[in-house]
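Work through the exercises below with the structure in view. Each task is followed by a solution in steps.

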Amino acid sequence: MHVILIGCGIAGAALSLTLQRAGISHLVLEQASELSEVGAGLQQSPNSIRVLEYLGLKDELARIGVPPSAHLFKDYKTGEVYLKTPLMPKVEEFFGAPYYHVHRADLLDIMVKAMDPKNIRLNCKVVDVKENDDWVEVHLSDGTVEKGDVLIGSDGLHSMVREKFFAPEKPRPSGCVAWRGLVPVDVARNLGFEQNSYVWMGPHRSAVLYYVCGGDLFNWVGIGPYNDNAKESWSQTGSRDAALNEYDGWNEQIRELIAGTESLFMTNMIDREPLESWVTSRVALMGDAAHAMMPYHAQGAGQSIEDAWVLGRSLEMAEGNISAALKKYERLRLDRANRVLLQSRAAEHLFHMTDPEEVSRRNARFARHQQEDQDGFPVGQRWLYSYDAEKAVMGTDDEWRELSW
Ligand SMILES: Cc1cc2nc3c(=O)[nH]c(=O)nc-3n(C[C@H](O)[C@H](O)[C@H](O)COP(=O)(O)OP(=O)(O)OC[C@H]3O[C@@H](n4cnc5c(N)ncnc54)[C@H](O)[C@@H]3O)c2cc1C
């Protein structure tokens, strides 16, 4: 069996490592000339870290990752904590794998370094893909053609594989833009930020903050209403004054953080509609190509990593029946990823409420949870974090299947 992957983001790299571990011949075609510093902070929870550990990255994760103590949900103005849920070390004791904050570039770097270089080719823009009864073929911009037995679309939000085989619909603009910045650890420490994951919630906007890069940098993302200048890009810069203007009336801790940020970026936030199918006989989607989602539950990359394990292991166990392996992958993954996509979309309202009565009801719910839940983990977190992709493949995930979100 020879597998061709289009795209070497987190999804493609994770699948390459899973196939490599199983000794399955494959080639990742990536259009970029180098896999450089794009993206920002990523929160990785036990469901994805577990897979990365299966892939042999445990020590490297501990080197690049920052283990936060807790999630704190706070008021945008007063800074009052409405809900505090535990993270490390309790999350590891409870769910069997750690929770880390990482920089996307660091995570991709440790994954790509673990890949056999013969399995990846950079500078390869795919311009067309075809599926035949007995093979798939991929046409590159330089006129060359690659053939294989299976084609994987790990080509992100604007996936051409999705467009060609599954859904030619346009991505859904969310109406929000993400402001992003990284500040040196000293600036964040002087402002009183501890090693936590912070979510500040205000009318129409929120801000999420945490340490990355082994604790050397502090990452913040502020999500608020779309403005005409924002593009869907990781590298578009934004003005500090404009960001301060957007966060007018917010707590001084947040405003000083923005004021202390050297370079600001802005990304137009986009997701996709859930699909009813991700596979044909020889083609499968994964990662953002299958289920690009809003970042409120911090699961886009995590779901991509889960996809990779289940898809790679299903192909490993296929005994030559590729179509059955792809169907199995879809059966095990589609519902879960689509549910996370829809829950992530719904969470925007939870974080950005404007009606004071609704805000009071939400905060009362948080307070009830804080008092009543002995372990401290909300139901959504239990459902997300306790998923074990290997148990899913082996059909030994009954305990997880009894949970709901
Ligand atoms: C503000 C923000 C915060 C986020 N926070 C989190 C978080 O905390 N935790 C989390 O888990 N997720 C988070 N995410 C989501 C996460 O970043 C994505 O889900 C994840 O990076 C998707 O990976 P991917 O490999 O599927 O796609 P991508 O990273 O987009 O990779 C696709 C690759 O395919 C290549 N490609 C595309 N087309 C072609 C072609 N025609 N030929 C060759 N190559 C091609 C591209 O160059 C690219 O390298 C966040 C996202 C945003 C926007």
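The model is predicted: local features need pLDDT of at least 70, side-chain atom pairs count only at pLDDT 80 or more, and totals for chains, interfaces and linings use all residues. Residues are numbered from 1 along each chain as its sequence is written.

**Exercise 1.** State the strand order of the open sheet and find its edges.

Solution. Strands are DSSP runs of E with at least two residues, helices are runs of H or I with at least four, and both are numbered from the N terminus. Two strands pair if DSSP finds at least two bridges between them. The order of the five strands is β7-β2-β1-β11-β18, with parallel pairing. β7 (120-121) and β18 (283-285) are at the edges with a single partner strand each, so one side of each has no neighbour in the sheet. Inside the sheet, β1 (residues 2-6) and β2 (residues 25-29) pair over five bridges. There, Leu-5 stands opposite Val-28 in β2.

**Exercise 2.** Determine how α11 and α12 are oriented to each other.

Solution. Axes are lines fitted to C-alpha atoms, for helices over the stretch in contact, and angles run from 0 to 180 degrees between N-to-C directions. The axes of α11 and α12 (residues 322-352) come within 8 Å and cross at roughly 165°. Angles over 145 degrees count as roughly antiparallel, and the two helices are therefore roughly antiparallel.

How values were computed. Angles under 35 degrees count as roughly parallel, over 145 as roughly antiparallel, 65 to 115 as roughly perpendicular and the rest as oblique.
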